[in-house]
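Trainee: Before I use any of these labels, I would like to hear what stands behind them.
Mentor: Then take them in turn, with the structure in view.

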Amino acid sequence: MSRFFKYKKASELLEDAQRLGLDDSIRLADDLASLFDPAEVGGRSVGNRLAIQPMEGCDGSLDGRPGELTLRRYDRFGRGGAKLIWGEAAAIVPEARANPRQLIIDADHVEALRSIVQTCRHAHTETFGSADDLLIGLQLTHSGRYSHRRPILAQHDPLLDPRTIVSKATGERAGPDHPLLTDDDLDRLADRYVEAASEAREAGFDFIDLKQCHRYLLNELLAAHTREGRYGGSFENRTRFILSVIERIRDAVPDMIIATRLNVFDGVPYSASPGEDAVGVPDPFELPLTSCWGTKVDDPFTPDLSEPLELIGRMARLGVAMVNVSMGNPYAGPHLLRPFEYAPVDGYQTPEHPLIGVARHFRATAAVQQAFPTLPIVGSGYSWLQAWLPQAGAANVADGRTTFVGYGRASLSHPDLARYAAERRPLDPKRTCRTFSYCTALMRSKQNEFGQFATGCPPFDKQVYGPIWDEARAISST
């Protein structure tokens with residue numbers, strides 16, 4: 001049973017938004033036509049304004065190649081009707097994987113990754129007659145402190161270091177002596193980003209995403225106020241790496257569309273409060289904050305978009321053609337990233353009404369879009385709205401508050417959501433994501449022979465993920 005989402009009618013949702021003071025951000029449009037206007041990205045026409053966000057299935061092989069479930073997911077996405085498929089993360093070096101089944105991109109994996117593009121395009125063509133207006137991308141990632149073999153840090157963070165496990169055997173956490181990536185290490189990684197962009201082009205992807213979100217490496221560099229050397233301290237230094245990589249990719253692979261999924265607000269970590277409620281409470285912090293990006297230094301609960309907007313402007317001038325706005329940390333602040341009804345087993349119950357989180361996303365996206373009206377922007381935070389996801393997206397697109405409506409969790413349970421919206425059909429209530437966090441709980445389940453269970457939607461994709469869920473729960477209970 002839902003804790004917050006009790007709405008039977010759109011008017012009830014809107015009344016709740018007004019009660020919470022969010023009616024400036026949460027609006028619904030009866031007319032969905034704006035969702036089906038084409039948009040241009042990097043000189044390519046994209047057939048509609050619906051975008052499937054990067055949804056990692058943790059279902060690749062141990063050597064980083066797409067598995068059967070990976071290709072099944074992209075087949076479903078291709079048939080679903082969204083015209084922007086923002087493909088999942090692929091690690092630029094093996095040690096940078098966030099889990100042992102994450103994809104890898106290098107010269108040896110090009111052909112395997114090509115199968116994702118071919119599968120998705122074939123499914124789209126078979127369903128819609130053509131894939132000429134379909135855009136498919138791949139995230140290039142380095143997981144940084146969340147690399148699964150060992151944490152790889154760009155800075156010492158007084159908020160995150162105490163939560164960063166160095167040894168799973170002993171429980172040791174990252175201390176002040178834990179080594180940081182050197183400037184020379186980062187220079188070598190910059191070379192790999194450029195090579196990976198070329199490899200992604202060879203594999204057939206239309207665009208790459210230089211992933212700068214969720215406190216992975218590139219996001220951490222943006223927040224590296226206390227780091228010494230060329231890549232830390234001043235704004236110029238903290239953005240040096242990404243701006244250099246963009247410029248080099250533009251020169252090396254001029255026909256590749258460059259995009260980025262960017263945190264515009266980090267916020268502070270949260271932990272579950274004691275007791276049965278386990279509501280999220282912020283970890284202790286000292287002011288001014290010295291380790292966050294897009295966050296007011298004297299008020300960590302409030303975004304400060306001044307630096308993110310400055311960075312977006314500089315990236316756009318160097319050729320970045322699309323920005324996906326995100327925020328938060330899935331390991332330490334998941335309610336900021338994805339408003340939810342119930343948290344996964346390792347999380348906490350939401351400390352705020354999820355509509356507040358949805359509005360936070362909408363406001364940040366609108367601020368970016370209105371600052372850069374000709375730059376294609378992808379908004380996030382829609383899945384919690386369930387049946388009214390298309391109506392909220394249509395209102396934001398029509399009002400110029402975003403270019404694309406991005407949805408992630410909703411695509412796992414209802415991959416044909418865009419087709420339903422195009423046909424003006426209500427979403428299928430038996431397949432509409434209710435943000436109960438089953439997918440995240442599976443993602444956090446590690447106790448099988450792969451060290452990682454595949455993730456999907458056990459309640460609404462039962463035939464495939466029901467048995468996986470049962471196995472994961474059985475192991476965890478022993």
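**Labels and their cut-offs**

Mentor: In this predicted model, the axes of helix α4 (residues 183-203) and helix α7 (residues 240-252) come within 9 Å and cross at roughly 35 degrees. Residues are numbered from 1 along each chain as its sequence is written, side-chain values use heavy atoms without hydrogens and water, and the model is a predicted one. Local features need pLDDT of at least 70 and side-chain atom pairs count only at pLDDT 80 or more, while totals for chains, interfaces and linings use all residues.

Trainee: What makes a stretch a helix, and what is its axis?
Mentor: A helix is a DSSP run of H or I of at least four residues, a strand a run of E of at least two, both numbered from the N terminus. The axis is a line fitted to C-alpha atoms, for helices over the stretch in contact, with angles from 0 to 180 degrees between N-to-C directions.

Trainee: Is the crossing of α4 and α7 left-handed or right-handed?
Mentor: Right-handed. That label applies if the near helix is turned clockwise from the far one by less than a right angle, and left-handed if anticlockwise.

Trainee: Which residues in α4 meet α7?
Mentor: Among them are Leu186, Tyr193 and Ala197 in α4, which meet residues of α7 including Phe241 and Ile249. Contact means heavy atoms within 4.5 Å.

Trainee: Why is valine 110 called buried?
Mentor: Buried means under 20% relative accessible area, exposed over 50% and partly exposed in between, with a 1.4 Å probe and protein chains only. Valine 110 has 4% relative accessibility, so it counts as buried. It is found in helix α3 (residues 110-128). Leaving aside neighbours within four places in sequence, valine 110 is in contact with Glu199, Glu202 and Ala203.

Trainee: Why does tyrosine 420 count as buried?
Mentor: Tyrosine 420 counts as buried because its relative accessibility is 12%. Its place is in helix α13 (residues 417-422).

Trainee: Where is glutamine 386 found, and why is it called buried?
Mentor: Glutamine 386 is found in the loop between β14 (377-379) and α11 (389-398). Its relative accessible area is 12%, so glutamine 386 is buried. Leaving aside neighbours within four places in sequence, its contacts include Phe5 and Leu427.
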